[in-house]
Amino acid sequence: MAAATSASSSLVATAVLVPRFPTAAITTRCSALPPLPPRVSTASFSSSVKLIPESKRFSLLQTKASEETSVDAGELFTDLKEKWDKVENKSTVLLYGGGAIVAVWLSSILVGAINSVPLLPKIMELIGLGYAGWFIYRYLLFKSSRKELATDIEALKSKIAGTE
C-alpha cells in the first residue's frame, strides 16, 4: 500500500514538473487539443504601471457613488402606491397584466414547438434576415425615408398617448 502511495505521489509530482512550453527537446503530446500559443509578454504593461506613482495609481481606481443615483426603496414603494391609487379600473389593469403573462407563456410554447421542427427554424431565420434587409433598405438607408419613419413613429406615439 505504501509503495502504491509513493508511486502515485511521484506520478503527480512528475505531472506537475512537466514544462508548459516545449523546450529544445522534442516532447510527445497525447492530447487531442491543439497547442496553446505562447503568452504575450506583459513587461511593457507592468513597466508603464510602475511609472505612475503609487498614490496616483490608487486614486485612479477609486470611484465614488453620487447621491443623485441612490434609490430609496421606501420612496419607490410610496410612488408605486400613489400611482396604483390613481388607477380607476384596477380589475382591468390586472386582467391586462394577466393576459400579457399568458400571451408570453403561449408564445414561448409556440416558439418551442416551431424550434423542434427540423428545417423550420432555419427558414424562419431566413425570413427574419430578409425582413431586416428590407426594413433597412426601406426606412434606414436614405435620409428622406428616415424622416418618414420618424414621422410615422411620432404619429403612433401620439395615437397611443391619445393626444391626436
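I started with two residues of helix α6: Tyr131 and Phe135 both lie in it, four residues apart, about one turn of the helix. I noted that the model is predicted.

Next I looked up how the two rings sit. Tyr131 and Phe135 form an aromatic pair, 6.5 Å centre to centre. Their planes are 35 degrees apart, and the pair is tilted. I reminded myself that a pair of aromatic rings is described by the distance of the centres and the angle of the planes.

Then I searched the whole structure for aromatic pairs. The search gave five. One of them joins Tyr131 and Trp134, with 5.6 Å between the ring centres. This pair is tilted too, with 35 degrees between the planes. Tyr131 and Trp134 both lie in helix α6, which covers residues 120–140. They are three residues apart, about one turn of the helix.

I then asked myself: is Tyr131 buried or exposed? Tyr131 is exposed, because its relative accessible area is 51% and the cut-off for exposed is over 50%. Trp134 has 42%, so I wrote it down as partly exposed. Phe135 has 26% relative accessibility and also counts as partly exposed.

Which residues form one aromatic cluster? I found Tyr131, Trp134, Phe135 and Tyr139.

Last, I looked at the face of Tyr139. Arg138 lies over it, at 4.7 Å from the ring centre.

Conventions:
Residues numbered from 1 in each chain as written. Predicted model: local features only at pLDDT ≥ 70, side-chain atom pairs only at ≥ 80, totals over all residues. Heavy atoms only, no water. Phe/Tyr/Trp six-rings, centres within 6.5 Å; stacked < 30°, edge-to-face > 60°. Buried < 20%, exposed > 50% of the residue type's maximum accessible area, 1.4 Å probe, protein only. Lys NZ or Arg CZ within 6 Å of the ring centre and 35° of its normal.
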